[in-house]
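Here is a short briefing to read alongside the structure.

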Amino acid sequence: MVRVFSITIIIWSACVASLEIEENGYIYSYLLAIFIVSVIFNFRNKMLLSLYVLGISSFTVSNYYNYEMFIPQDKIIFIVLTNFFCFFISRSLYAAKATNFLTNIQLSKTNDLLNEEIASRIEAEEELRALTQNLEKRVQERTRELEKTNFRLEAEILHHKATSNALSKSKDKLDKQNDTLTKLNEELDMFVYRTSHDIRGPISSVLGLLILLRNEPEENMVYFLLDKIEKSMHKLDGFIEEINEFSDVSRLETEVKQIYFQKNIEDIYDKLKELDAENQVEKIITVNNPTPFYSDEVRLKIILKNVIKNALIFKTTNEASKHIYIDVDTISEQNTAIITVEDNGTGIDDSVKHRIFDMFYRGNDISQGAGLGLYVAKTALSKLNGKITIESKLGAYTKVVIRIPTMKTPEKKKTNIEIKPTLTLK
């Protein structure tokens, strides 16, 4: 487009210059055209020279057409110098400025484009930043919602776990209760059966003896039958006493009192003295209880009574020296009473040791009562959180160890004066 415009100006100025040749005004029109082409448009050298040649040629042709003459000879040098001068000026001075101008224009346009690009990028970045902030805000809101949802889910999971655990525990508890009830029902059935049987035995004996007594004329035989009746009634009374103890152990509320071991053991011996009417058994009691000990006195006396009663019942008939050692120690284990009852009686056969705590179990013919003694003792110990262990050798000895924790922490300022020397009774 620029080249076409430049060629048009050169040809037009050459034609105008030829028309003004007589007034010598052609040089100004032609010089203006050369200047415009050379300086403003800043063509390369070859292109510019080609335009010069085109201009001179157009000027010459126009002169020839108008005046039938070529360039006047006196004007050739002037025209050549004019072209050379314009060429030199355009190349040395104006062309550089024009180049700078065009370059500046280009740079300005480029800067504008860059500014537009930068502005566009800034706008895009701001939009991206706004989108990012919006996205972050939405992510944060979503995160908070998810955290709340997770918290609710965790709470529900924990609630379900707690509910499941509670249900599982309830089920286990119910299973245990069912097992306990089943066992109690079985024990109750056995209890009713054995109780009725053991009560009917002495009553039947008494009724039979009364029949014999009614028809017995001899006085000696009457006393003999009365003695048998008395023994049967004592047996029945002992059985009823064991049942009452079993009821007391299971039914009575726990009543915590300070325990005086020496007095309790002596009271028990007094009640059991008919089991050793001839005073054949040496009883040795040792109590080491410097601080007060608290427990349920009723249940503790039932435990001691049944253990000591067995030691007296199963005394050996072969040993010349028969003894029972009872030791009470509340020092060796803190807040615990260790009661040891040892005798040199008949002992227990290994084959029946696992059954000695069963309800209504009688180890041999020497057994008296309903076979509830050790069962009641162990039941009472469970109420006191205690334990019982038995070590025995058939025909040699039996050693019973009872551990009972205190039901009240001793006060440091108080002291118990129950430290008694060894007591030997015969």
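Helices (H or I, at least four residues) and strands (E, at least two) are DSSP runs, numbered from the N terminus. This is a predicted model, where local features need pLDDT of at least 70, side-chain atom pairs count only at pLDDT 80 or more, and totals for chains, interfaces and linings use all residues. Residues are numbered from 1 along each chain as its sequence is written, and side-chain values use heavy atoms, leaving out hydrogens and water.

**Helix α4**
- Ile118 is found in helix α4, which covers residues 73-214.
- With a relative accessible area of 45%, Ile118 is partly exposed, because that label lies between buried (under 20%) and exposed (over 50%), using a 1.4 Å probe and protein chains only.

**The largest nonpolar core**
- A nonpolar core is a set of buried Ala, Val, Leu, Ile, Met, Phe, Trp, Tyr and Cys residues joined through side-chain atoms within 4.5 Å.
- The largest one has 45 residues, and Ile324 is among those with the most contacts inside it.
- Elements that give two or more residues to this core include α5 (219-251), β4 (322-329) and β7 (397-405).
- Its largest share, nine residues, comes from α7.
- Apart from this core lies another, of six residues, among them Val206 and Val222.

**The loop between β5 and α8**
- His354 lies in this loop, between β5 and α8.
- His354 counts as exposed, at 63% relative accessibility.
- A polar atom of the His354 side chain lies 3.4 Å from the backbone oxygen of Ser351.

Note on methods:
Polar contact = N/O pair within 3.5 Å; in protein donor to acceptor, adjacent residues only side chain to side chain.
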